[in-house]
Amino acid sequence: MRPIARTRQLLTEAKAIAVLTGAGVSAESGVPTFRGKEGLWRNYRAEQLANPLAFEYEPRIVWEWYNWRRELIAPLTPNPAHKALATLEAEKESFILITQNIDGLHAKAGSRNILELHGNIWKVRCTECETVSDNTEVPIGILPHCGECNGLLRPHVVWFGENLETDILDAALAAAEACDLFVVIGTSSIVQPAASLAQRAAGNGAKVLEINLEATPLSPSADLSVFGKAGEILPSAMP
Ligand code: OAD
């Protein structure tokens with residue numbers, strides 16, 4: 001059977017679907033992926049800026065980088081991959097979308113049951129009182145402060161070297177264990193613990209379907225890897 005037809009069959013037969021998305025799903029909307037060279041800003045790599053030490057020593061530079069990313073993401077719209085996933089959710093009894101993306105495009109496309117593993121660029125968190133709030137200002141003022149306690153605000157995203165929120169990680173693990181199809185789309189599958197969710201699903205008997213431009217460390221163990229653009233494959237493989 002051809003990969004698209006097999007993908008459609010897997011999506012049709014599944015009763016409980018869990019999906020894990022990465023930067024590749026937003027690439028066709030114009031969001032640069034992390035490991036591509038468009039991810040560079042003033043010659044810094046994302047890893048150099050998205051970490052707690054960078055924010056401790058150079059909070060101004062980190063906020064300038066987030067302002068650049070906010071400006072870049074704000075006008076972008078969901079692509080056919082985001083929309084197909086929202087449609088699939090509406091058709092399935094049990095559907096959960098786990099995303100590593102912080103751009104908010106899945107929600108914009110109409111997805112509802114979303115676990116944002118790495119946070120959301122449109123939220124801020126106080127470094128003192130930890131209050132999380134929505135903030136969609138573009139640009140947000142450099143070194144913004146908390147309305148409650150005047151502490152320095154940081155982006156509500158997970159940085160390198162930081163732990164994921166326990167509740168969100170537990171919910172993602174539970175979804176991986178409960179599904180009968182785990183779909184991994186547009187992620188290089190090298191950042192843990194996100195990358196291990198597929199293994200967890202497979203260990204509980206789920207089939208694993210991968211959609212990516214190229215092979216990843218997950219590909220050898222996936223039941224099916226389909227290579228191509230998520231925004232083309234997903235709409236053409238919809239049940
Ligand atoms: P990466 O940039 O590591 O990988 C993007 C993946 O998407 C690659 O495997 C590409 O081949 C694939 N890809 C690109 N365009 C695609 C398309 N149109 N259709 C299908 N696949 C496509 O991004 P992530 O795997 O999301 O973490 O990175 C995971 C995490 O590492 C990020 O959330 C971030 C990062 O560092 C934190 O910031 C904590």
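**Exercise 1.** Work out which strands each supply at least two residues of the lining of the second largest pocket.

*Solution.* Begin with the terms: strands are DSSP runs of E with at least two residues, and helices are runs of H or I with at least four, numbered from the N terminus. A pocket is an open set of points on a 1 Å grid over the protein atoms alone, with protein on both sides within 12 Å along at least five of seven lines, and its lining residues have an atom within 4 Å of a point. In this predicted model, local features need pLDDT of at least 70 and side-chain atom pairs 80 or more, whereas totals for chains, interfaces and linings use all residues. Residues are numbered from 1 along each chain as its sequence is written, and side-chain values use heavy atoms, with hydrogens and water left out.

**Exercise 2.** Find which residues of the lining are the closest to the centre of the second largest pocket.

*Solution.* The second largest pocket has a volume of about 250 Å³, counted as the space filled by probe spheres set on grid points joined across faces, edges and corners. Of its 16 lining residues, Gly-119, Arg-125, His-156, Val-158 and Glu-165 are the closest to the centre.

**Exercise 3.** Determine how many helices and strands the protein chain has, and what share of its residues is buried.

*Solution.* The protein chain has 10 helices and nine strands. Taking buried as under 20% relative accessible area with a 1.4 Å probe, protein chains only, 50% of the 239 residues qualify.

Notes:
1 Å grid on protein atoms, 1.4 Å probe; cavity = no way out; pocket = protein on both sides within 12 Å on 5 of 7 lines; lining within 4 Å.
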